[in-house]
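Have a look at the model first.

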Amino acid sequence: MSTNLDRRLTPARPDLAARHLDGKVEALAFVDPIPMRVVTPSVPLRREPRPDAPLDTEALAGEAVRVYEQHEGWAWGQLVGDSYVGYLPEDCLAGDAPAPSHRVCALRTFVYPGPSIKLPPLEALSLNAGVAVTGESGDFFTTPHGGYIFKQHLCPRAQHEPDFVAVAERFLNVPYFWGGKTSLGLDCSALVQLSLAAAGVAAPRDSDMQERGLGEAVAFDDGLAGLRRGDLVFWKGHVGIMTDADTLLHATAYTMSVIREPLRPARDRILARNGGPITAIRRLSPQ
């Protein structure tokens, strides 16, 4: 494979690759993708086809996946939303799942077997999970498989949040989870990606990709003056969101949670703990 291609975003192995990469990479065979969707609340995307392999990210209900291989319970493919490549449990995907019409706009919501909050829930969906709405019953929307979801917890996919920072603040105190992308646990770059997605802004998955691909560079010095709400602060392997000129919101392994703290002490602590200096501050254009 060309050394210029990122393995996280390139559906290519020595034995198999996506057909559109023919001529760009070396592989024994090139295949067309099979379009599928995630049909469980979330699904792990792993680096290798085994349950104890490293977790690179998660995909949420309704997400589209291009599948290039299905073998022994694993699907090797690429997420359509952020292009991440890896292995997903095959039974979490389906080729005939309808495209979502709505997304979860609450931090988390339950799916009930009937139009009553007193019924035992079937499952829980996290923020930004996609839902195909087929009808309604009282205070609930209905889904193709007989699920009922409280109406106020869903919004049309085209409806976006006005302030991605306010979305990120909803995750305060949620546990830190490497590779996680749900309200049960997430990492620093997932907090950025999910919050921006709710505001209608597509973002790459990992912090190094976000540092290269989001917003415009902001000049800064040791005083860290002049920052604004919504600025993204990057370290090597880490990212946080400014909630005002002085305060950082981030998912951090330091407390194993999403926290809000003054930026300068956080900067000093991260440097002292061998996390390195701030590498960039990026500012997104107003929406």
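This is a predicted model: local features need pLDDT of at least 70, side-chain atom pairs count only at pLDDT 80 or more; totals for chains, interfaces and linings use all residues.

Buried means under 20% relative accessible area, exposed over 50%, and partly exposed in between (1.4 Å probe, protein chains only). Residues are numbered from 1 along each chain as its sequence is written, and side-chain values use heavy atoms, with hydrogens and water left out.

**Aromatic pairs**

- Five aromatic pairs turn up in the structure (rings of Phe, Tyr and Trp, the last by its six-membered ring, with centres within 6.5 Å; planes under 30 degrees apart are stacked, over 60 edge-to-face, the rest tilted).
- One of them is Trp 76 with Tyr 87, a tilted pair at 6.5 Å centre to centre and 40° between the planes.
- Trp 76 counts as buried, at 3% relative accessibility.
- Tyr 112 and Phe 140 have ring centres 6.1 Å apart and planes at 85°, so they pair edge-to-face.
- Both Tyr 112 and Phe 140 are buried.
- Phe 110, Tyr 112, Phe 140 and Phe 150 make up one aromatic cluster.

**Charges over rings**

- Arg 13 puts its charged end over the ring of Trp 76, 4.4 Å from the centre (the cut-offs: NZ of Lys or CZ of Arg within 6 Å of the ring centre and within 35 degrees of the ring normal).
- Lys 151 lies over the face of Phe 141, 5.7 Å from the ring centre.
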